[in-house]
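Subject: Structure handover

Hello,

Here is the structure for you to look at. My notes on it come after the model.

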Amino acid sequence: MNSSAVLRRQKLLKLIKNLHIFHPWCPKHKTLQNPCAQIQNPSRVFGGSQYSTQATKFPEYQMPSVTWGVVQGKKEKLVNRVKICDYLKTLGIIPDELENLELPSTVEVMSERVQFLQKLGLTVDDINEYPLMLGCSVRKNMIPVLGYLEKVGIPKSKLGEFVKNYPQVLHTSVVVELAPVIKFLRGLDVEKQDIGYVLQKYPELLGFKLEGTMSTSVAYLVSIGVSPRDIGPMVTQYPYFLGMRVGTVIKPLVDYLVSLGLPKKILARMLEKRAYIVGYDLEETVKLNVDCLISFGIRREAIASVIAQYPQILGLPLKAKLSSQQYFFNLKLKIDPDGFACIIEKMPQIASLNQHVIMKPIEFLLGRGLPLEDVAIMVMKCPQLVALRVELMKKSYYYFKSEMGRPVKELVEFPEYFTYSLECRIKPRYTKLQSKGIRCSLNWFLNCSDQRFEERLQGDYIESESLGPSFCMGGKLELPGSDVVSDEEDESDDEVLYRRTVSL
């Protein structure tokens, strides 16, 4: 051994002898003869590795320096990281994204995490989709989070699917992040039993900040007239609107629909019943469908009524559906495009109605001996005919023929007869007419409220016939030329449009 080596060794021994004065491992006034023997839990110094308890096997551990714990901890972590990555590769898990992630100290701990996730139902492919979940401790992260999710209503059998859809949840804190979101949802009147359903539908809610998008979305909807007590049911039906930006998504859609003639009051009622409307893409779907309606002959001033009656029409693949139905009505009933546009204005649901369903009432009417031209006229006057149950039509028809004994041409003039309840309206009113010996049209005694009917029975004259009713799906029958209106019937246009909306 040369002189320089001897000198370095002497300096090092001198340093070690003085180390006991301040070293936390050694009792005061004792000489540190064997530093390794003094350590109560050497695994804490060496990162918990299997090598930490066998330090004497490695020459570099036999002569420690003042940086002993730090240097060797880093080396051991590097060794363990390599071993863990090799282990994950044997399972088919790609560890590339784990480069900057704090990994567990041993392969055994990582194995425990992988097995826990697999017991939940996650596959290797699922883990590869989001390998950062392997950085979550089973006891500190996974068990508390999953236990809380189960507590708020997510079934245990669905937890694996939930984690697969939103693996970031494993990184969250129950107290700081999860619990406040649940409290916020309950504050919106989301029923306790619906919380689990809402979270499964839109798990990303758990990652939103309460004072951000969620609060502003709710505040804006309330500002346009949505009832605060309906926000909870809206969230249950379509929670995605809580993640939509007001300025770029919700407000532009609302402004456009209002520009078409829909009052905000009516639009608010629509959103309360069908919150998913706010999810329709304005440029790619809504505007294109409105243009499509106009191209098929629907009057621009009727667009608002069409939307109010059938809001879903804004999100349909409308061009294909209208083309198919227009061809069908022309083929079966010889109805031209203008007649078809009139039908859609009165009953836009026909755009989605199955053609087999449409044909049943038509075949019933044709089977009663009505000419094709008359059936076409009836359908254009009252498109609701094609959505009626044939069994009910049969009963109403036979009562009309056997009890009333009226000519079939009256049905052509007033096809709405089939839309009234036989037991609740037709029979009771006709019986009263017979008792008073009054002879009148179907329109006169059916197309009015109960109060108006009683007023007519008590009158000394019969009102002149109107030109005929205009029937809108879900709305009241409006009688042109009728100037006498009871207080109950004197409603604003907004209220009539509202009725059409909520009755669907």
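This is a predicted model: local features need pLDDT of at least 70, side-chain atom pairs count only at pLDDT 80 or more; totals for chains, interfaces and linings use all residues.

Residues are numbered from 1 along each chain as its sequence is written, and side-chain values use heavy atoms, with hydrogens and water left out.

Salt bridges

The structure holds 12 salt bridges (a side-chain nitrogen of Lys or Arg within 4 Å of a carboxyl oxygen of Asp or Glu). One of them joins Asp-255 to Lys-251, with 2.8 Å between the closest N and O atoms. Both residues belong to helix H14 (residues 246-259) and sit four residues apart, about one turn of the helix. Helices here are DSSP runs (H or I, at least four residues), and they are numbered from the N terminus, as are strands (E, at least two). Asp-255 is partly exposed at 33% relative accessibility, and Lys-251 is partly exposed at 37%. The classes are buried (under 20% relative accessible area), exposed (over 50%) and partly exposed in between, with a 1.4 Å probe and protein chains only.

Through shared partners, Arg-299, Glu-301 and Glu-345 form one network of salt bridges. Relative accessibility is 44% for Arg-299, partly exposed, 59% for Glu-301, exposed, and 13% for Glu-345, buried.

Helices H20 and H22

The axes of helix H20 (residues 355-367) and helix H22 (residues 390-404) come within 10 Å and cross at roughly 25°. Axes are lines fitted to C-alpha atoms, for helices over the stretch in contact, and angles run from 0 to 180 degrees between N-to-C directions. H20 and H22 are therefore roughly parallel (angles under 35 degrees; over 145 is roughly antiparallel, 65 to 115 roughly perpendicular, the rest oblique).

Lys-360, Pro-361, Phe-364 and Leu-365 in H20 meet Val-390, Met-393, Lys-394 and Tyr-397 in H22, contact being heavy atoms within 4.5 Å.

Regards
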